[in-house]
Amino acid sequence: MTHIQRFNRIAHSELSDEGPSKSQRKRESHALQDLGEELVNLAKDALARVPMPENLERAVRDCRTITAHEGRRRQMQYVGKQMRTLDEKEIEAIQRALDVIKGVSKAETAKLHALERWRERLLAKDEALTELVTQHPTADAQQLRTLIRNARREQATQKPPKAFRELFQVLKDLLGTGSAEAETSEDADNDLPEFPTREDY
């Protein structure tokens with residue numbers, strides 16, 4: 001369940017003529033605090049893609065620079081305070097952006113895992129190189145063969161994994177993961193919601 005789903009469930013579960021109860025307000029506050037913490041923990045480039053008002057963005061960025069435990073705890077409380085000034089549409093816009101970003105992250109992780117599996121197969125058996133070159137005729141078989149041989153030697157002698165890392169980069173370039181990630185990121189940017197203005201509602 002996302003933070004906005006928690007917030008909405010809480011907001012509508014205990015409505016009465018007397019308004020929200022103290023416990024309801026406390027749960028809403030915790031849900032928003034959690035959402036603010038998620039913003040603080042985002043990677044820098046991902047944070048730049050989240051629509052939010054200037055005061056919240058400043059509070060989040062300030063929190064990211066604080067390393068002292070107590071100072072960071074106080075700043076996180078301030079981030080939560082700024083979160084509580086947002087209305088429901090603004091919170092939903094932030095949550096939708098986070099959902100898109102996390103979806104892109106999962107896709108990138110899956111691609112990196114696929115590259116790691118190819119590297120493992122190439123190091124484990126010679127037939128894997130033939131299969132790779134068959135699937136990708138532009139591959140430099142001689143370069144790959146040299147990197148595989150050197151990486152195996154590194155593992156056997158427990159040397160620094162220079163060829164091991166170079167092999168991963170060659171596979172990344174060959175399989176087009178870099179460009180695919182860029183396309184995925186661009187598509188995700190197109191899916192990001194516009195931050196609502198007060199005039200919109």
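Author: Welcome! In what follows, a residue is called buried when its relative accessible area is under 20%, exposed when it is over 50%, and partly exposed in between. The structure above is a predicted model.

Reader: How many helices and strands does the protein chain have?

Author: Let's start at the N terminus: from there on, the elements run α-α-α-α-α-α-α-α-α-α. The secondary structure therefore comes, with helices and strands as DSSP runs, to ten helices and zero strands.

Reader: What share of the residues of the protein chain counts as buried?

Author: The protein chain has 201 residues. Using the cut-off of under 20% relative accessible area, the share that counts as buried is 35%.

Reader: Which residues of H9 are buried, and where do they lie around the helix?

Author: The buried residues of H9 are Ala163, Leu167, Phe168, Val170 and Leu171. Seen down the axis of H9, they fall within an arc of 165°. On the other side of H9, Lys162, Arg165 and Asp173 are exposed. The buried residues, given that arc, therefore line one face of the helix.

Reader: What covers the buried residues of H9?

Author: Contact here means heavy atoms within 4.5 Å. The cover of the buried residues of H9 includes H6, helix H7 (127-135) and H8.

Reader: What span should H4 have, and what is the distance between its end C-alpha atoms?

Author: Helix H4 holds twelve residues, 54-65. At 1.5 Å a residue they should span 16 Å. This agrees with the distance between the end C-alpha atoms, which is 17 Å.

Reader: Which residues of H4 are buried, and which are exposed on the face turned away from them?

Author: In H4, the buried residues are Leu56, Ala59, Val60 and Cys63. They fall within an arc of 95° seen down the axis, so they line one face of the helix. What covers them includes helix H2 (22-40), H3, helix H5 (69-83) and H6. The face of H4 turned away from the buried side carries the exposed residues Glu54 and Thr65.

Reader: Is Met52 buried or exposed?

Author: Met52 is found in the loop between H3 and H4. In sequence it is 41 residues from Ala93, yet the two are 8.2 Å apart in space, C-alpha to C-alpha. Its relative accessible area is 11%, so Met52 is buried.

Reader: Where does Thr85 lie, and how does its accessibility count?

Author: Thr85 has its place in the loop between H5 and H6. Its C-alpha atom is separated by 9.2 Å from that of Leu56, 29 residues apart along the chain. With 47% relative accessibility, Thr85 counts as partly exposed.

Reader: What is the phi of Gln158?

Author: Gln158 lies in the loop between helix H8 (141-157) and helix H9 (162-174), and it is exposed, with a relative accessible area of 75%. Most residues other than glycine have a negative phi. Gln158 has a positive value, near 60°.

Reader: Which helix gives the largest share of the lining of the largest pocket?

Author: The largest pocket has a volume of about 220 Å³. Ten residues line it, and the closest to its centre are Asp45, Ala46, Arg49, Ile101 and Glu108. Two elements give two or more residues to the lining, helix H3 (44-47) and helix H6 (88-124). The largest share, four residues, comes from H6.

Reader: How many residues of that lining are nonpolar, polar and charged?

Author: Asp, Glu, Lys and Arg count as charged. By this grouping, the residues of the lining of the largest pocket divide into five nonpolar, two polar and three charged.

How values were computed: Residues numbered from 1 in each chain as written. Predicted model: local features only at pLDDT ≥ 70, side-chain atom pairs only at ≥ 80, totals over all residues. Heavy atoms only, no water. 1 Å grid on protein atoms, 1.4 Å probe; cavity = no way out; pocket = protein on both sides within 12 Å on 5 of 7 lines; lining within 4 Å. Points joined across faces, edges and corners; volume = space filled by probe spheres on them. Expected span 1.5 Å × (residues − 1). Buried < 20%, exposed > 50% of the residue type's maximum accessible area, 1.4 Å probe, protein only. Arc of directions from axis to C-beta.
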